[in-house]
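Dear colleague,

Please read them with the model open.

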Amino acid sequence: MQQSYGSIVRRQQQLIRCLVGDYCSKDTLHLVNKGIRMQSVMGGGGPLEVEALSILRSISPVLDSTKHKGQAGKIAVIGGCREYTGAPYFAAISALKIGADLSHVFCTRDAAPVIKGYSPELIVHPLLEESYNVRDEDKTSISKKVLDEVDKWMERFDCLVIGPGLGRDPFLLDCVSDIMRHARRSNVPMVIDGDGLFLVTNSIDLVKGYPLAVLTPNVNEYKRLVNKVLDCEVNEQDGPQQLLSLAKSIGGVTILRKGKSDYISDGKAVKSVSIYGSPRRCGGQGDILSGSVAVFVGWGRELVSKVKMDENPTMLGCIAGSALVRKAASVAFQDNKRSTLTTDIIQCLGTSFEALCPVGSKSHV
């Protein structure tokens, strides 16, 4: 127990250094000189460089033989319909590849056999329904049944991923809206991507004022959010400040704006992760990111809770998830170049994580 407490304290001290500004260590100077850095623009302040990889190492838990199944993370993906079965699989399997112990997928009945066929590692729940499969007079009872079934599992999850492969069926989106409201009441973090962002953009109140919500928009999804919330066009000249305003306007949710550099804000600060990356833009990379961020948010929340730190775990999770996925994408591109696929990047998650945060290394304990 004493040794475990010491590990937590060392991780806290390392995290404080990389966020607050102890930049004098040889490791940090070496990384900065190589261009491996995270830039931060604080609200009202100037540029500040901190170390994204140090944050990743600080919040990653030590592998301990005394732990039991589930302690390293339990993630649930809400998504998957008959047209889209790959996205929820990518998000769920990425969570496992990074180190979560259990990964669930709540999807439609049509999607479940396909997703189950992709991997026996996933726990697949054929629970959601689409309008074509439900009579009008049965919608209320089926919606209640869906929520009641999800409720049985909700308290077990460290984070939800809402949206990969969800589709835009009205009845299905209504059911997912109920699940999101219940997650808020249960204080469960949510990472929202894909069609989940379509839902949120049209129903901002689902996440407004909820600090455990993370939005991960791409270029077009971000444009729709800015148009809806700020009633203006995207301003690339003053991008960080606009992102800060957007996150603040939605009540302090964390937004990870994906791009050449990933910009992250919770309405209090704006940070940019620009390490590694790949010029290949195959579909599905955002699903890897959403599953990865979900795991790191859970780990960050656990660390912050244990050491009573005044840091936002969703910001920490976004920083770490961004850094790792960009590293894996870079490694996959080195091997595959133009033929790089999402599955190639997923296969590189484990080796990339080990390269950045070796098992048994004292740098992350």
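The structure holds 1 cavity of 30 Å³ or more (on a 1 Å grid over the protein atoms alone, a set of points where a 1.4 Å probe fits but cannot get out, lining residues having an atom within 4 Å of a point). This is a predicted model, in which local features need pLDDT of at least 70 and side-chain atom pairs count only at pLDDT 80 or more, while totals for chains, interfaces and linings use all residues. Residues are numbered from 1 along each chain as its sequence is written, and side-chain values use heavy atoms, with hydrogens and water left out.

The largest cavity contains about 30 Å³ of space, and its lining consists of Thr108, Arg109, Asp110, Glu129, Glu130, Tyr132 and Asn133. One of these, Tyr132, also has the charged end of Arg82 over its ring, 4.0 Å from the centre (the rule asks for NZ of Lys or CZ of Arg within 6 Å of the ring centre and within 35 degrees of the ring normal). Arg156 likewise lies over the face of Trp153, at 4.4 Å from the ring centre.

There are 6 aromatic pairs (rings of Phe, Tyr and Trp, the last by its six-membered ring, with centres within 6.5 Å; planes under 30 degrees apart are stacked, over 60 edge-to-face and the rest tilted). The rings of Tyr89 and Tyr118 have centres 5.1 Å apart and planes at 55 degrees, so this pair is tilted. Ring pairs link Tyr89, Phe90 and Tyr118 into a cluster.

Best regards

Technical notes: On a 1 Å grid over the protein atoms alone, a cavity is a set of points where a 1.4 Å probe fits but cannot get out, and a pocket is an open set with protein on both sides within 12 Å along at least five of seven lines; lining residues have an atom within 4 Å of a point. Grid points are joined across faces, edges and corners, and a volume is the space filled by probe spheres set on the points.
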